[in-house]
Amino acid sequence: MKTTIIDSNNLIHKIPHLKNLFLKDKESAQAALLELVKTKSNANESIFFVFDGFGKIKRPGVIFSNNITADEVIRKKIENFSDHKKLKIISSDRGITNLAKVCGCEVIKSEDFFKKLKCNEPVFKGRDINQNYIYDADEKPGRMNKKEMEEFRKYFS
């Protein structure tokens, strides 16, 4: 099983709508990130969200660094992980990504991970299918003229 460790505040600041929300309501932005990633993630993957500071979210896989930085928590997790080939690190922090690369972990920059999240959106995931369709301006015909209307009536009346 693959394990993913997300430098969560780093990722929040790479997602524009979450970054704006974070400035207003930190906990809501954190909860929104959890939902965004969990709905798009593989069920065979264990995910750890590491946030800086203290927090109230009590869920499996959510870690708050408390008095140390999230970077320190992630560093310790990387160093103590037994099989680095099964570890994926999501961060744009050079200190973390360099350590992860040296250890042989898979590394994805936060902005690239966000792009993947957007692109891998399933078509049917509890949403209206038309929500994901990009309409072409020429797809629908314009107004009918009088001749076309008479022809339509002839066939369909």
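Me: Which residues is I96 in contact with, leaving aside its neighbours within four places in sequence?
Reply: Happy to start there, bearing in mind that this is a predicted model. I96 is found in helix α5. Once the neighbours within four places are set aside, the contacts of I96 are D7, D71, I74, I78, I89 and S91.

Me: How far apart in space are I96 and D71, C-alpha to C-alpha?
Reply: D71 is one of the residues in contact with I96. In sequence, I96 and D71 are 25 residues apart. Their C-alpha to C-alpha separation in space is 6.8 Å.

Me: Is I96 buried or exposed?
Reply: The cut-off to keep in mind is that buried means under 20% relative accessible area. I96 has 1% relative accessibility, so I96 counts as buried.

Me: What about T97: buried or exposed?
Reply: T97 lies in helix α5, which covers residues 94–103. Leaving aside neighbours within four places in sequence, T97 touches S91 and V107. With a relative accessible area of 8%, T97 is therefore buried.

Me: Let us turn to the cores. How many residues does the largest nonpolar core have?
Reply: I6, L11, L33, V37, F49, F51 and F113 are the residues with the most contacts inside this core. The elements that each supply at least two of its residues are α1 (8–12), α2 (16–24), α3 (26–40), β2 (45–51), β3 (62–64) and α6 (110–119). α3 gives the most to this core, with four residues. The core as a whole has 21 residues.

Me: How many residues are in the second, separate core?
Reply: I96 comes back here, as one of the residues in this core. V73, I74 and A100 are also included. The second core has 11 residues.

Me: Now for α3. Is Q30 buried or exposed?
Reply: Q30 is found in helix α3. Not counting residues up to four places away in sequence, Q30 touches N9, I12, F51, I57 and F64. The relative accessible area of Q30 is 1%, so Q30 is buried.

Me: How far apart in space are E27 and G55, C-alpha to C-alpha?
Reply: E27 is also found in helix α3, and at 34% relative accessibility E27 counts as partly exposed. Leaving aside neighbours within four places in sequence, E27 is in contact with K56 and I57. E27 and G55 are 28 residues apart in sequence, while in space their C-alpha to C-alpha distance is 7.4 Å.

Me: What is the phi of N66?
Reply: N66 lies in the loop between β3 and α4 (70–80). N66 is partly exposed, with a relative accessible area of 39%. N66 is not a glycine, and yet its phi is positive, about 60°.

Me: How much space lies in the largest pocket?
Reply: The largest pocket is lined by 13 residues, and K40, S41, K88, F113 and L117 lie nearest its centre. The lining divides into five nonpolar, four polar and four charged residues. The space in the largest pocket is about 210 Å³.

Me: Which element supplies the largest share of the lining of that largest pocket?
Reply: α3, β2 and α6 each supply at least two residues of the lining. The largest share is three residues, and these come from α6.

Me: Stepping back, what pattern does the chain follow along the sequence?
Reply: The secondary structure comes to seven helices and five strands. Read along the sequence, the pattern is β-α-α-α-β-β-α-β-α-β-α-α.

Me: And how much of the accessible surface of the chain belongs to carbon and sulfur atoms?
Reply: Of the 157 residues in the chain, 31% are buried. The accessible surface of the chain comes to about 10,700 Å². The part of this surface that belongs to carbon and sulfur atoms is 52%.

Note on methods
Residues are numbered from 1 along each chain as its sequence is written. This is a predicted model: local features need pLDDT of at least 70, side-chain atom pairs count only at pLDDT 80 or more; totals for chains, interfaces and linings use all residues. Side-chain values use heavy atoms; hydrogens and water are left out. A nonpolar core is a set of buried Ala, Val, Leu, Ile, Met, Phe, Trp, Tyr and Cys residues joined through side-chain atoms within 4.5 Å. Buried means under 20% relative accessible area, exposed over 50%, partly exposed in between (1.4 Å probe, protein chains only). On a 1 Å grid over the protein atoms alone, a cavity is a set of points where a 1.4 Å probe fits but cannot get out, and a pocket is an open set with protein on both sides within 12 Å along at least five of seven lines; lining residues have an atom within 4 Å of a point. Grid points are joined across faces, edges and corners, and a volume is the space filled by probe spheres set on the points. Ala, Val, Leu, Ile, Met, Phe, Trp, Tyr, Cys and Pro count as nonpolar, Asp, Glu, Lys and Arg as charged, and the others, Gly among them, as polar. Accessible areas come from the Shrake-Rupley method with a 1.4 Å probe; for residues, only the protein chains shown count as cover. Contact means heavy atoms within 4.5 Å.
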